[in-house]
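Dear colleague,

I am passing on the structure we spoke about, and below it you will find some notes on what turned up. Please read them with the model open beside you.

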Amino acid sequence: RGRGHLPFASSDWAAIALNLSMQGRHREAEAFLLKAPRFEALRGDPNGADYADVIPEAIARVRLDAADIHGAKQALPLTKPTEYEDRVPNFFQYYQLRGEIRCASGEYRAGLDDLSRSLRSQSILLGPSSPSLARLRAVAGLCALALGDRRQAEQLGSDAKRAFEDQPNV
């Protein structure tokens, strides 16, 4: 509709690329993101700075999905998001992404800390049977297991499994 350059459109660009990445089309997804406009912070919004990081975070997610851990770390913005970020119920959550990247690179304690922060906020925002929450729990469980915390890993795995039992068609 001619508004693809506005900060609000950054999540649309990211969603399209992530869809390509989920199909295994990682190079195409990253190329698409590299064509995106440079989104500026949204003026007048106390959380408007987060829009500028959507595309770099999406690039980091695509690279992580492609098993390019080093590239994912390089793409992840160094700036921490506003507190609003903890109130966003979606796959784009910064601490979830950073936690996944850290766990994938062997930084299990730091990764699990980030994933736990994301779990705390997402558990409030999403229903207990949310597929994205179940995925987050499963990822955190794998990180906990890699850290050697079998008890926490089993609990997270059990919680994730329950969500998929509640929604078997997911």
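Ile 59 lies in helix α3, which covers residues 54-65, and in this predicted model its relative accessibility is 10%, so that it counts as buried, the limit being under 20%. Once the neighbours within four places in sequence are set aside, Ile 59 is in contact with Glu 30, Leu 33, Leu 34 and Ala 75. The C-alpha atom of Ile 59 is also 8.5 Å from that of Ala 17, although 42 residues separate the two along the chain.

The other topic is charge pairing. Side chains of opposite charge can pair when their charged atoms come close, and the structure holds eleven salt bridges.

One of them joins Asp 113 and Arg 109, with 3.2 Å from N to O; these residues are four apart in helix α6 (residues 108-125), and therefore about one helical turn separates them. Asp 113 is partly exposed at 41% relative accessibility, and Arg 109 is partly exposed at 43%.

In helix α8 (residues 150-166), Arg 150 and Glu 154 are likewise four residues apart, about one helical turn, and their side chains meet in a salt bridge of 3.0 Å, N to O. Arg 150 counts as exposed, at 56% relative accessibility, whereas Glu 154, at 47%, is partly exposed.

Helix α8 also has Lys 161 and Glu 165 four residues apart, and these two form a salt bridge whose closest N and O atoms are 3.8 Å apart; Lys 161 is exposed, at 53%. Elsewhere, salt bridges with shared partners link Arg 61, Glu 100 and Arg 135 into one network.

How values were computed: Residues numbered from 1 in each chain as written. Predicted model: local features only at pLDDT ≥ 70, side-chain atom pairs only at ≥ 80, totals over all residues. Heavy atoms only, no water. Helix = DSSP H or I, 4+ residues; strand = E, 2+ residues; numbered from the N terminus. Buried < 20%, exposed > 50% of the residue type's maximum accessible area, 1.4 Å probe, protein only. Contact = heavy atoms within 4.5 Å. Salt bridge = Lys/Arg side-chain N within 4 Å of Asp/Glu carboxyl O.
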